[in-house]
Amino acid sequence: MAAESTDVLVVGAGPTGLVAALVLAQNGVPVRIVDRLASAPRSQRGAGIAGRTLELYHFLGVLPEVQQRTIDVLPIKAYDASGKLEKTFEMILHVPSTSGAPWPNMVFLGQGTACGILRKRLEQFGVHVEMTTTFEGCEERDNGVLVSLLKTQEEQTVRQVVRAKYVIGADGARGLVRQSQGLKLSGNNHDLHLIIGDVEVFGLDTQHWHKFSDFPNDSVMLRATENVEERLFQLMGGGPSLDYARAVRDHDYLREFIYSVTCVPGLKIGQIHFAAEWRANTLMASTFSKGRVFIAGDAAHVHSPFGGQGMNSGVMDAMNLGWKLALVCKNHAPPRLLETYSAERTPVIREMLQMTDRLLKRVVAVNKDASAAWQRGTEVSQLGVHCRRSDIVRDERSAGGAGADESAYAPVAGPLRAGDRAPDASGLRDVRSGAECRLFDIFKPYHHTVVVLAAHADPPAILKCLRHYPKSLVRSVVVFPRDAVQITGVDGADVVVRDEEGHGLAAYATPEGPSKVADVAVIRPDGVLGALVAGSEGVEAYFSHIFVQSAPKEHLRSALRTDSRSFKARL
């Protein structure tokens, strides 16, 4: 049987797999994505979208459609055992938008709807999810991976062999890709069961979450969703008197359990679209790769639902891995770059699981303050996630790097450092077109962006250095202060802007103090600050860890021009 070929095979078409495929497709990398299901699920699971994920959706070009459907985190109404309203409280305090963080607050959108938007965007690049296609196994061989797939069409199942340069397993907690590589999940198995589902609810308002009683007693949470007209709520409940297996298969029994806990006159549970048993486990693999096979999202880490971090962490996994795989597949980066995926993501996930473990214990504790147990801090936005310890980031402001005890997950205080999330800056004016713009509109998942603050750096020297790198891989932005009299020395710059409101300087300039002035910022395709350097030598030193150094420059540039034309043709 002749094997079909592709550069990357993605197994699993949830948010993680779709984002990975989309990053690769936008980079012009041949990619296939398969899923064992016959149709895409419409479930509300994984509905919380963090501020950082909204930013990544902006880079991927799907944010406007996502924002048309999302709803804010609603206040919680807490009821006692008799169904009487006790209190109303906010789960997450609203944070005002700023120039540097335009979407700082978590919002909600059912995972089924979000995946539909991602699939539609992926199809614009000619990539369609291959449904009813199951991963059977794989074997690394001859600088690639031979993958066996079972594909069902018209009630017939056929085996298909695919040769891929790399495989991404995004096929969930029971993922066959991870199991095929002998990668095991380890961590904590908590003594907590839940029933989760999507149900029609009548008799409750749609402007709140409704919490009846609390864990570890019999309890029910009904969360209003964006599907207001359909009266669709997400159910989460459980307790000592619930027979979970029966509740999954017998929806009349599940309705009676809900009625017995809520005790609200006039409450009616309509159709139950989906119900499943869930066990509270917080697990992760010790590494997210083996050879040419990578795992991401729930396939690499399983989490508690009480922090809303799992789906968002999977999207960040996919962004981190996607741009690196793209460069390696196109022979622009050495394979060792892929080792930084696991090195950068595992410390973050380890802390994420510790945080959601703490939240879980608060929720199930006896004699707790119910509102305090359900409230969340700003860390759930994931805007503070960083990789300051990474071997490929370069920071000439802070030579000491990240401290051994420094969190990789919690909100980061203090000045900007290499490895941090790159902030936005609004209020910029394009000198050439006169149009108003922002940095986030320039950052893309298929190129690095070099931001040069003209007031403190040397734009001509930096731009001369950047001529060694093709524009399809590295773009430049020169930022002049609002009071700049002359705009000179910008030949070769891709974008030249005037910082009319001072946000670019405020976000990226070296703060006053003992730090070395390093006002050239290199932003990676995943929106992470790859480098903060003083000049061209620092830029070259950073890219020496990213790009292949041995290929003749003219050959590399010719190949990249071809890639660029191919990519533009697909847009």
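The following conversation walks through a predicted model of a protein.

Trainee: How high is the mean pLDDT of the protein?
Mentor: The mean pLDDT is 89, and 90% of the residues reach 70 or more.

Trainee: Where does the pLDDT stay under 50?
Mentor: One such stretch covers residues 550–562, for which the model has eleven contacts beyond four places in sequence. Over residues 564–571 the pLDDT is also below 50, and that stretch has twelve contacts in the model beyond near neighbours in sequence.

Trainee: Let us turn to helix 8. How many residues does helix 8 have, and how far does it reach?
Mentor: Helix 8 has 20 residues. From its first C-alpha to its last it reaches 28 Å, close to the 28 Å expected at 1.5 Å a residue.

Trainee: Is helix 8 mostly covered or mostly uncovered?
Mentor: Helix 8 is mostly covered, with 20 of its 20 residues buried.

Trainee: Which residue takes a positive phi just after helix 8?
Mentor: That residue is Asn-331, with a phi of about 60 degrees.

Trainee: And where is Asn-320 found?
Mentor: Asn-320 is found in helix 8, which runs over residues 310–329.

Trainee: Why does Asn-320 count as buried?
Mentor: Asn-320 counts as buried because its relative accessibility is 5%, and the cut-off for buried is under 20%.

Trainee: Which residues does Asn-320 touch, not counting those up to four places away in sequence?
Mentor: Asn-320 touches Tyr-341, Glu-344, Arg-345, Arg-524 and Asp-526.

Trainee: A new topic, please. What is the order of the strands in the open sheet of three strands?
Mentor: The order is 3-7-4, and the pairing is antiparallel. Strand 3 (48–49) and strand 4 (71–72) stand at the edges, each with a single partner strand, so one side of each has no neighbour in the sheet.

Trainee: How many bridges join strand 3 and strand 7?
Mentor: Strand 3 pairs with strand 7 (residues 107–108) over two bridges, in the antiparallel sense. Gly-48 stands opposite Phe-108 in strand 7.

Trainee: Finally, in which strand is Asp-430 found?
Mentor: Asp-430 is found in strand 20, which covers residues 428–430.

Trainee: Is Asp-430 buried or exposed?
Mentor: Asp-430 is buried, with a relative accessible area of 17%.

Trainee: Which residues is Asp-430 in contact with, leaving aside its neighbours within four places in sequence?
Mentor: Asp-430 is in contact with Ala-435, Cys-437, Val-495, Val-496 and Val-497.

Trainee: How many residues apart in sequence are Asp-430 and Val-478?
Mentor: Asp-430 and Val-478 are 48 residues apart in sequence, and in space they are 10 Å apart, C-alpha to C-alpha.

Note on methods:
Residues numbered from 1 in each chain as written. Predicted model: local features only at pLDDT ≥ 70, side-chain atom pairs only at ≥ 80, totals over all residues. Heavy atoms only, no water. Helix = DSSP H or I, 4+ residues; strand = E, 2+ residues; numbered from the N terminus. Buried < 20%, exposed > 50% of the residue type's maximum accessible area, 1.4 Å probe, protein only. Contact = heavy atoms within 4.5 Å. Expected span 1.5 Å × (residues − 1). pLDDT = per-residue confidence, 0-100. Pairing = 2+ DSSP bridges.
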